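My notebook is open, and I am about to look through a structure that is new to me. Here is what I looked up, entry by entry.

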Number of protein chains: 2
Amino acid sequence: MNVLWIYAHPEERSLSGSLKDEGIAALREAGHEVRLRDLYAMKWNPVVDAADFGQEPDRRLLVGEASKRANTEGTLSADIRAEHEHIRWADTIVTQFPLWWLGPPAILKGWFDRVLLNGFAFGVKDEYGHTLRYGDGGLAGKRAMVITTIGAREASFGPRGIHGALDDVLFPLQHGLFWYTGMAALPPVAIYGADRACEQDFAREALRLRRRLLAMPEERPIAFRHQDGGDYDENLVLRPHVAPGQAGLGVHYA
Amino acid sequence: MNVLWIYAHPEERSLSGSLKDEGIAALREAGHEVRLRDLYAMKWNPVVDAADFGQEPDRRLLVGEASKRANTEGTLSADIRAEHEHIRWADTIVTQFPLWWLGPPAILKGWFDRVLLNGFAFGVKDEYGHTLRYGDGGLAGKRAMVITTIGAREASFGPRGIHGALDDVLFPLQHGLFWYTGMAALPPVAIYGADRACEQDFAREALRLRRRLLAMPEERPIAFRHQDGGDYDENLVLRPHVAPGQAGLGVHYA
């Protein structure tokens, strides 16, 4: 695999930092290529603005249009273009982060916001002018996985846990971003009780992470439905005969 | 009301910018106090790091501990303390943002990450040492609402829409942040088809927004379950007799 490892944690001497080192070492020992994007170390700028698109400061910024145009005309800022080059190289994208407010830290959210642009990751059309999404798109053919450290205990992220089931909490990322851009989402690796982890916990989690990473090439992705597989109508609503009478995020799994 | 309006959009001359002006004007005309936090105009720093907590650069950063300590000892950075002052003043918090990757732009995610800290917004205990969450906490008694502009059409965010129902997509924010910190979540205001809005659309949406804002004092919040209302066990899992046999985010509504 060519693995692009996007890492967002402010402290290198953390459980997250140690797991990142373990995971990358495991992949390299097995002969895989890994490129690390350590967003804190890079001092990544997470804030979308007009400068991203090389447009005149006086011109009204329409983010979708501006990003599509800048992508076509090659006027995207250099830091965004560098990330695009890494993404093109990768067949597998790992995003590793502590779960803050049930999502990625702002520095990672802003990597998604600034890098995964209209015309590059999504907003791509086929030869008939049909927009590709959910199972197809600018990043089709790649695989992506979440590795996340969570302060709370596992039960509270279970099917009836108070925070919501982890797959539901990660649905906007795994379905709405990975799958939306065409990437197959592999089941996440979650490390619970991260604030209380001791050496023994670390050893166990490091081993579990190594195994999950080395199994990635054979792992089955989450079975989200394809936009163009016949299950959704022209308004992107599930057709009545599919999961009839049901609602909730669960209906989007095949 | 004392309304703290947190606004995150990179372009003042946008649908979002115009709706923000309309909404604030409507509230002020009705005699309410409004403080605007325009995160882009403020050049808000969204990235959590050791400097937030005034701790020595060589010391290992444990975010939860450091924020709790800095909050107690008054060593939080000045920009965070200023936001705390605004939050204390407010009885109502409006967060307005374009929906990017099914969540807030990084600059707003980083306002949540940096401002809503352990010991201030959550991690608060009662006199028996019991941690308050979900319906109680550091921001108990306040109300909060999302106003969001969305490029897609409404049907695709409906109960069987491909992106997930809007309430499910916003669950991490409305339940996992607003409600978690003790704030009652008012139903969101969503403006769909935002990229294609014409003058007529704006007039309609501006009127709808005004009505929703002026009705806030009487509006019923989303009926999430209380952590300590008896529905959850000591592991924060819904007890078997509550919504028996069911799972999914819907079980957390009373």
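**Entry 1: aromatic cluster.** I found that A:Trp101, B:Phe122, B:Tyr134 and B:Tyr180 form one aromatic cluster. I used this rule: rings of Phe, Tyr and Trp (its six-membered ring) pair if their centres lie within 6.5 Å, with planes under 30 degrees apart counted as stacked, over 60 as edge-to-face and the rest as tilted. The count over all chains came to 18 aromatic pairs. I noted A:Trp101 with B:Tyr180, which is edge-to-face at 5.8 Å centre to centre and 85° between the planes. A:Trp101 lies in the loop between strand E3 (92-98) and helix H4 (106-115) of chain A, and B:Tyr180 in the loop between helix H7 (171-179) and strand E5 (184-185) of chain B, so this pair joins two chains. Helices here are DSSP runs (H or I, at least four residues), and so are strands (E, at least two), numbered from the N terminus.

Then I looked at B:Tyr134 with B:Tyr180, an edge-to-face pair at 5.1 Å centre to centre and 85° between the planes. These two residues are 46 apart, and their pair links distant parts of the chain. Are they buried or exposed? B:Tyr134 is buried at 1% relative accessibility, and B:Tyr180 is buried at 14%. (Buried means under 20% relative accessible area, exposed over 50%, partly exposed in between, with a 1.4 Å probe and protein chains only.)

**Entry 2: where this comes from.** I am working on a predicted model, where local features need pLDDT of at least 70 and side-chain atom pairs count only at pLDDT 80 or more, while totals for chains, interfaces and linings use all residues. Residues are numbered from 1 along each chain as its sequence is written, chains are lettered from A and ligands numbered from 1 in the order in which they are written, and side-chain values use heavy atoms, leaving out hydrogens and water.

**Entry 3: the two chains.** I laid chain A on chain B: RMSD 0.0 Å, by a turn of 180° and a shift of 0.0 Å along the axis. That is the relation of a two-fold axis. The superposition is by least squares on the C-alpha atoms of residues with pLDDT of at least 70 in both copies. In chain A, the C-alpha nearest the axis belongs to A:Ala106, 2.4 Å from it.

I counted 64 residues of chain A in contact (heavy atoms within 4.5 Å) with 65 residues of chain B. About 4,900 Å² is buried between the chains, 63% of it from carbon and sulfur atoms. Buried area is the accessible area (1.4 Å probe) that two parts lose on being put together, summed over both. A:Trp101, A:Arg160 and A:Ile162 supply 22% of what chain A buries against chain B, more than any other three residues.
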